[in-house]
Amino acid sequence: MPFGINETMGQYSELFMLLAAGTYTVAFIAFAWDLAKSSKALHAIDLKAAQAGEPAKVPAAAGVGSRAASGVDGPADRAERPSSSASGAAAGGGVVTAGADMKYAAERRAPARVAVALTILGAVIHGAGVVTRALGAGRVPWGNMYEFLTTGAFVAIAVFLLVVIRRDLRFLGTFVVGLAIIMLVAASVAYWTPVGHLVPALQSYWLIIHVSIAVLSSALFTLTFAMSALQLVQSHRQKTVAAGGEDKLRFMRLVPSALSLENLSYRINAIAFIGWTFTLMFGAIWAEKAWGRFWGWDTKEVWTFVIWVVYAGYLHARATRGWTGTRAAWLSIVGYLCVVFNFTIVNQFFNGLHSYSGL
């Protein structure tokens, strides 16, 4: 493809990325509005219940006494339903919290519907940006940090939307869309790289195999990071309410119990870990073809292995050592921070054979 056309496609890609970021921003506001509106509605339900002399609505998972006190976050098959009564549903505008299976509730909140629709629109525009970048470059669009970030953000949003079809994860929308906006802004401001050819070592079909799996795994780790952060907040809230404290985070009733979040995060982390294992294996095979050795203790290789060890430790500790609750959540968060460190600090400040940031 002639250089002029390449440059034009690159400009179209940047325009699509800007439009996608703007659309995601509006979707983020809609998701945040949904949480705020739902919190207000739930507060009205509580006030009406108090005036009627009904028992206070407390988290079902937090109301199990000794289990909550012992640090176990509650049964995975229960969730709050503060608007289960007819009067409650009427007062709360049909607000129903997510069950542990996280399937769609019968009453769908208008701001959440708008937010999901805007996220789908943003994903379509974002996808157009990724495709035009690929057409402009004449290759897969993940050859440098800019392309890895923009493609990674798209995959994270796409995975989120696919999961939303089966499970009501709209409560994650604010966090996932927010992370996607941060990734797009960082790509445009800190890591922007013009359309160009790859260095010789990257001109291989292994780029498609190795990096695509790394992008997908990183997107899944992004989802579990958001879930683990919410798990910590939900766990603290459940224990506070169980101890008789005031429920200051009413919008968290839209979120399943901490243990339900932990269980889903564990399953997704297990899938992502398999992907990261293949990333490590295929990277070693590619290294042998490019440099004549499978492993050379390059900084990037070491940190890729560190990430694998952290998530392997997380899965092992939770499955066999009983590391549940906040300990498991923190270990999952540490793993994601290692992913971020590997992508940012290692790529920018450590010289090595993997210095392909494009900066």
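A: Start with Glu262 and Arg318. Their side chains meet in a salt bridge, at 2.9 Å from N to O. The term means a side-chain nitrogen of Lys or Arg within 4 Å of a carboxyl oxygen of Asp or Glu. This pair links distant parts of the chain: Glu262 sits in helix H8 and Arg318 in helix H9, 56 residues apart. Helices here are DSSP runs (H or I, at least four residues), numbered from the N terminus. Glu262 counts as buried, at 1% relative accessibility. Arg318 is also buried, with a relative accessible area of 14%. Buried means under 20% relative accessible area, exposed over 50%, and partly exposed in between (1.4 Å probe, protein chains only).

A word on the basis. This is a predicted model, in which local features need pLDDT of at least 70 and side-chain atom pairs count only at pLDDT 80 or more, while totals for chains, interfaces and linings use all residues. Residues are numbered from 1 along each chain as its sequence is written, and side-chain values use heavy atoms, with hydrogens and water left out.

The whole structure holds four salt bridges. One of them joins the side chains of Glu147 and Arg133, again at 2.9 Å from N to O. Glu147 lies in helix H5 and Arg133 in helix H4, so this pair ties together parts that are 14 residues apart in sequence. Both Glu147 and Arg133 are buried.

Glu301 pairs with Arg293, and their closest N and O atoms are 2.9 Å apart. Glu301 is buried, at a relative accessible area of 7%. Shared partners also join Arg133, Arg139 and Glu147 into one network of salt bridges.

Now the loop between H8 and H9. Trp297 is found there. Its phi is near 55°, a positive value in a residue other than glycine. At 63% relative accessibility, Trp297 counts as exposed.

Next, the nonpolar packing. The largest nonpolar core has 70 residues. Such a core is a set of buried Ala, Val, Leu, Ile, Met, Phe, Trp, Tyr and Cys residues joined through side-chain atoms within 4.5 Å. Those with the most contacts inside it are Tyr24, Ile157, Phe160, Leu169, Leu172 and Leu207. Helices that each supply at least two residues of this core include H4 (110-137), H5 (145-166), H8 (258-291) and H9 (299-320).

Then the largest pocket, with a volume of about 1,000 Å³. A pocket is an open set of points on a 1 Å grid over the protein atoms alone, where a 1.4 Å probe fits, with protein on both sides within 12 Å along at least five of seven lines; lining residues have an atom within 4 Å of a point. Of the 47 lining residues, the closest to the centre are Phe148, Lys300, Asn342, Phe343 and Asn347. H5, H6, H7, H8, H9 and H10 each supply at least two residues of the lining. H8 gives the most, with nine residues. The lining divides into 31 nonpolar, 14 polar and two charged residues. Ala, Val, Leu, Ile, Met, Phe, Trp, Tyr, Cys and Pro count as nonpolar, Asp, Glu, Lys and Arg as charged, and the others, Gly among them, as polar.

Methods
Points joined across faces, edges and corners; volume = space filled by probe spheres on them.
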